Amino acid sequence: MKKLTIIALTALFAVSASAQDVFKQVKKMKTTEEVEQAIKANLSTMSDQEKAECYNKLAVMYNKMVNDHVTKNQENTIMQKPLIPEDENFYNAAYKALEAGIECYKYDQLPNLKGKVAPKFKEIGKDLFQNRGHVLNGGVFFSEKNDIPATIKYFEAFIGTRDSEIFNVVPAEQKAPLDQNLAQIAYFTAYYGMQQDMGLDFVNKYADIAIASKDEKYAKDAQTLKNSYAAKGLKTHEDSVAYADKLEAMYNEDPTNVQNFQTLAMIRLGLNEAEKFYDVCQKRIDAMPDDHIAYYFRGQIRCLIHDYQNALPDLEKADQLKPNDAGINAFIGQCWMGRAEEAENRAAGKSGIIPVTAKSQIKPVWTKALDYLNKAKQLDTDGSNERNYKSKISQVEYHLENDYKNVQ
């Protein structure tokens, strides 16, 4: 029992001694893995200055990996040799260098044991600033690989360090060229965040950065993105009404904004506000008479509620403005189906029997419907509109074969 007690006390002493000297040991470590593990295991027992020392070591090591890669490619350029591509390891090193550098700066700015602020690494930002550009490129790299979580991670690092005090030592003229992409990156961070359903706060945070910029395109797109994502989270009728009214005020200022139009129109439909829905469509038509979208949207809804008489002019106008669209042709075909069914009901009357003379007039309507549906099928190369024509084609073909076979 006594032996165990001695061993335990020895181990306790070793841990204590290690904690006191860990930042000195870190200086001798050769790999980033060793340094990261040492920091993780001993962070709570180190002073702020020791933490700064350790994070500085880690930042320097990762930054050296970045610099070695850049230097080698500079040499390869001079020697006319192939460049070494920037890969996951390169971008990870740039990210980690930034991350460690910011931690180093944070602890370095805190008062020491004597209560004084005496930063040792206040110039660290000069060496690490290059990595903001590298993490930006890293985000693009991962987006091209369709690794959206990694893309968001790198874009967040780029945006999150734009105002970091660590880079106060970097001249403004050196920062400016890099941050000219800020609005675009903020917009895509919000967009990818919406794709990943990361929540309204996340999306709004990055959308607001883009909105606050002077970039008209991405500020406008970011506002639209906020509106679209907010609409997804509406839970009560009152919320929907209030949000629709707010969105309509914005839409009235710019009826050309297609995403605001679609979001507002869908909310009005969901609230069963048919007249307001039609008003939204008409405002866009008035603002953009040569655009097919509002005609198509209004025509679809009129077709679905069996208002074929008004739906057809809308859809035919959409077809005129955007020829050879599978969706438009499918709904025109459905409208002609509806017109044919209405004609049959009128002709059958109370007897339920359609006279042969009436059938001869109605058959071309069914044939016209089939022509549009088949055209939609032909145009729908990716099958995205199949639900709008597939079953309808079978229905019309069966009807013509069995009920109109011998009608001239």
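Analyst: One cut-off to start with: a residue is called exposed when its relative accessible area is over 50%, and buried when that area is under 20%. Also, this is a predicted model.
User: OK. Is aspartate 197 buried or exposed?
Analyst: Aspartate 197 has 52% relative accessibility, so it counts as exposed.
User: Where is aspartate 197 found?
Analyst: Aspartate 197 is in the loop that runs between α9 (182-195) and α10 (200-211).
User: What about the phi of aspartate 197?
Analyst: The phi of aspartate 197 is positive, about 55°, and the residue is not a glycine. Most residues other than glycine have a negative phi.
User: Next, asparagine 272. Where does it lie?
Analyst: Asparagine 272 sits in the loop between α13 (258-270) and α14 (274-287). Its phi is positive too, about 60°, although asparagine 272 is not a glycine.
User: And is asparagine 272 buried or exposed?
Analyst: Asparagine 272 counts as exposed because its relative accessibility is 70%.
User: Which residues of α6 are buried?
Analyst: Among them are Asn131, Arg132, Gly133, His134, Val135 and Leu136, as well as Phe141 and Phe142.
User: What covers them?
Analyst: The cover over the buried residues of α6 includes α3 (48-78), α4 (88-108), α5 (124-128), α7 (148-160), α8 (172-179) and α9.

Key. Residues are numbered from 1 along each chain as its sequence is written. This is a predicted model: local features need pLDDT of at least 70, side-chain atom pairs count only at pLDDT 80 or more; totals for chains, interfaces and linings use all residues. Side-chain values use heavy atoms; hydrogens and water are left out. Helices (H or I, at least four residues) and strands (E, at least two) are DSSP runs, numbered from the N terminus. Buried means under 20% relative accessible area, exposed over 50%, partly exposed in between (1.4 Å probe, protein chains only). Contact means heavy atoms within 4.5 Å.
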